[in-house]
Amino acid sequence: MKINLKALSKKELESFVKGPGLPQYRAKQLLHWIYGKKAESVDEITELSKELRAKLSEISYISNLNLLNRQTSRDGTEKFLFGLEDGESIESVLIPDVNRLTLCISSQIGCALGCRFCLTGKLGLKRNLKSHEIVDQIIAVSRLIEPERKITNIVLMGMGEPLANFDEVVDALWRITELMGFTKRRITLSTAGIVPKILELPQKAPPVNLAISLNATTDAVRNYLMPINKKYPLKVLLDTCRKFPLPPRGRITFEYVMIEGINDTPEDAKGLLKLLRRIPSKVNLIPFNPHEDIEFKRPSDKRVLDFQRILLKGNLTAFIRKSKGQDILAACGQLKAKYTLTSNVLSRYP
Ligand code: SAH
Ligand code: SF4
């Protein structure tokens, strides 16, 4: 069986090149071509002689995501459906904004955490993605878009809970920053709040931005919306955030999906102010993106604005994330990645 070079770590590549009797520096060269220059095949590595490429191609290959579908929303948001080597599929969403181009990538196929408002959660977990499958979403989209468009920001907010696939996600973050040269501060990892892994993150991963999906201001409501809260309740989660090492002027982003009649009252807004006291934070209010399989409703615009106003009055930075890509189910919580394409990362893209 041929070896997939993209899946190897630096160490593994170093022992791989020994096989055909190549010097160590070839490992670094291969990594540079695969991740830095985004080569899709051994043959594209033109720095190697034709003979060497032929020799390597006999024993190895470079895997690539297989584009199955590409949809563009009226607002310019694009959703990519990619097939993996084992026939599973994942989605990535590209969100253009005034001066940034954000790619939202998936970390798992499905998700085991079962949040009530999230379509990915309804799927359950199918499997974890390997680190190269996580990074490959960036490589594939970069190659698919026009060369003058450059991805400026990466968010791990697609399908899956990144911290439930900790080792592969950490490895992917190293590849994205070290091998692809992506700026750490332009990468955001979003979690539903797996406390022990939040604590481990600064020790193991490059210092990327942290986002917490908070979505409630009391344990009762959060338990109902996000079962993970029963294991790591609000106090434990927020104490962990308070201790999270941040760079100067760094802040933790708190995502708050607003659902009519569940967590959208002025009392909730005041509760949120209290909870986030003494945490350098900013809040992203995400009006719930409805889907026929989920019973919740989106609050009125006025309700969302009133909520935001209370936060702003309390000196908390709070943005309302306009929902993007809803017509193609690319918004927050809408990513589901079926071959039939009823997708679900789009429900999360506000
Ligand atoms: N599992 C991680 C990352 C993926 S979810 C997490 O939960 O943080 C990314 C974001 O989409 C989360 O903030 C989640 O609260 C939000 N989201 C999920 N379903 C949504 C929906 N239907 N409408 C709006 N936002 C949603
Ligand atoms: Fe999983 Fe995040 Fe969806 Fe919750 S919101 S089910 S953690 S993907």
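**Entry 1: a loop residue**

Does N315 count as buried or exposed, and at what relative accessibility? I looked it up: N315 counts as exposed, at 72% relative accessibility. My cut-offs are these: buried means under 20% relative accessible area, exposed means over 50%, and partly exposed is in between, with a 1.4 Å probe and protein chains only. I am working on a predicted model, where local features need pLDDT of at least 70, side-chain atom pairs count only at pLDDT 80 or more, and totals for chains, interfaces and linings use all residues. Residues are numbered from 1 along each chain as its sequence is written, chains are lettered from A and ligands numbered from 1 in the order in which they are written, and side-chain values use heavy atoms, with hydrogens and water left out.

I found N315 in the loop between α12 and β14 (317-320). Helices (H or I, at least four residues) and strands (E, at least two) are DSSP runs, numbered from the N terminus. I then checked the backbone: phi of N315 is near 65 degrees, a positive value in a residue other than glycine.

**Entry 2: R249**

I turned to R249. Its phi is near 65 degrees, a positive value in a residue that is not glycine. R249 sits in the loop between α10 (234-243) and β12. At 81% relative accessibility, I list R249 as exposed.

**Entry 3: aromatic pairs**

Next I looked at rings. Rings of Phe, Tyr and Trp (its six-membered ring) pair if their centres lie within 6.5 Å; planes under 30 degrees apart count as stacked, over 60 as edge-to-face and the rest as tilted. I count four aromatic pairs by this rule. F80 and F82 make a stacked pair, with 6.0 Å from centre to centre and 5 degrees between the planes. Both of these residues, F80 and F82, are buried.

Y256 and F307 make a tilted pair, at 5.2 Å centre to centre and 35 degrees between the planes. Why does this pair tie together parts that are 51 residues apart in sequence? Y256 lies in strand β12 (residues 252-258) and F307 lies in helix α12 (residues 301-313), so the pair ties those parts together. I noted that Y256 and F307 are buried. I also found a cluster: ring pairs link Y224, F288 and F296.

**Entry 4: charges over rings**

A charge sits over a ring if NZ of Lys or CZ of Arg is within 6 Å of the ring centre and within 35 degrees of the ring normal. I found the charged end of K37 over the ring of W33, 5.0 Å from its centre. I found K197 over the face of F166, 4.9 Å from the ring centre.

**Entry 5: around ligand 2**

Which residues are closest to ligand 2? They are C111, C115, C118, G121 and A192, among eleven residues that surround ligand 2. A residue is near a molecule or strand if one of its heavy atoms lies within 4 Å of it. I sorted the shell around ligand 2 into six nonpolar, three polar and two charged residues. Ala, Val, Leu, Ile, Met, Phe, Trp, Tyr, Cys and Pro count as nonpolar, Asp, Glu, Lys and Arg as charged, and the others, Gly among them, as polar.

**Entry 6: the second largest pocket**

I read a volume of about 290 Å³ for the second largest pocket. A pocket, on a 1 Å grid over the protein atoms alone, is an open set of points where a 1.4 Å probe fits, with protein on both sides within 12 Å along at least five of seven lines; lining residues have an atom within 4 Å of a point. Of the 17 residues that line the second largest pocket, K38, S142, K150, I151 and F182 are the closest to its centre. The elements giving two or more residues to this lining are α2 (25-36) and α5 (131-144). α5 gives the most, with three residues. I sorted the lining into seven nonpolar, five polar and five charged residues.

**Entry 7: distances along and across**

I45 lies in the loop between α2 and α3 (50-59). At 0% relative accessibility, I list I45 as buried. I45 and K230 are 185 residues apart in sequence and 51 Å apart in space, C-alpha to C-alpha.

N284 lies in strand β13 (residues 281-287). It counts as buried, at 11% relative accessibility. N284 and K322 are 38 residues apart in sequence and 10.0 Å apart in space, C-alpha to C-alpha.

Notes:
Grid points are joined across faces, edges and corners, and a volume is the space filled by probe spheres set on the points.
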